[in-house]
Amino acid sequence: MREHWQDCGKCASHVAQARALDYMGAMIKPIVIHPDPRLKKLCADVPDLNDDLRALARDMVDTMYDAPGIGLAAPQIGVLSRLIVMDCNKDEDAAPDPIIMFNPQILASSDDLNTYEEGCLSIPDQFAPVTRPAEVRVGWIDMNGNPQERDFDGLWATCVQHEVDHLNGKLFIDYLGPMKRQMITRKMQKYKREQARG
Ligand code: NI
């Protein structure tokens, strides 16, 4: 995650490309920064899809590319619904191909584990290694309202687990020891005070 968020040069062009394709009209939303009670809530299942929810998903894709990030969950823009978007594709020349998941569910997890240096758009500039199952099977509802199921590994597996955690009010720093977690939280409180002062 660190390598992508810190070094990715594709995201700016993805915003432009995505807008030129079918994300016209999508809006970049402000990202909720930890600590914030909205990041600690259990999010509600999305009922039947409608145009408002599809527009929300497009806004999230735009917000993710703009940040830039490789994943974003609805509570990170203050919406407490089970919706995540991701694009972990590292090919800079590839057209943007985000995955949008309504009501994502981890259906199965491998015994094999993988450790990634994780970050989060809601915890800017803070990174720490987190160990998670290396492969997961995920089920979700797509933009057309159709059920999907797919296996993910590598960065995708880490990302989808990180994003589903957000829907359950869990952050990657919750995997760290209390000292490290408190240190990061204090840094974020300071960051927010500085942002508020302008
Ligand atoms: Ni995150």
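Of the 198 residues in the chain, 48% are buried, meaning under 20% relative accessible area, with over 50% called exposed and the range in between partly exposed (1.4 Å probe, protein chains only). This is a predicted model, in which local features need pLDDT of at least 70, side-chain atom pairs count only at pLDDT 80 or more, and totals for chains, interfaces and linings use all residues. Residues are numbered from 1 along each chain as its sequence is written, and side-chain values use heavy atoms, leaving out hydrogens and water.

The chain's accessible surface is about 9700 Å², computed by the Shrake-Rupley method with a 1.4 Å probe. Carbon and sulfur atoms hold 47% of that surface.

Next, the fold. Five helices and seven strands make up the list of elements; these are DSSP runs (helices H or I, at least four residues; strands E, at least two), numbered from the N terminus. Their order from the N terminus is α-α-α-β-β-β-β-β-β-β-α-α. Take the contacts (heavy atoms within 4.5 Å) with a separation of 6 or more: 69% of them join residues 24 or more positions apart.

Then the metal. A nickel ion is coordinated by C120 (SG), H162 (NE2) and H166 (NE2), at 2.1 to 2.3 Å. Donors here are N, O and S atoms within 2.8 Å of the metal (3.2 Å for Na, K and Ca); water is not among the atoms, so sites may look incomplete. The donor spacing in sequence reads C-x41-H-x3-H. C120 sits in strand 4 (residues 113–120) and H166 in helix 4 (residues 154–167), so this pair ties together parts 46 residues apart in sequence. C120 is buried, at 5% relative accessible area. H166 is buried too, at 1%.
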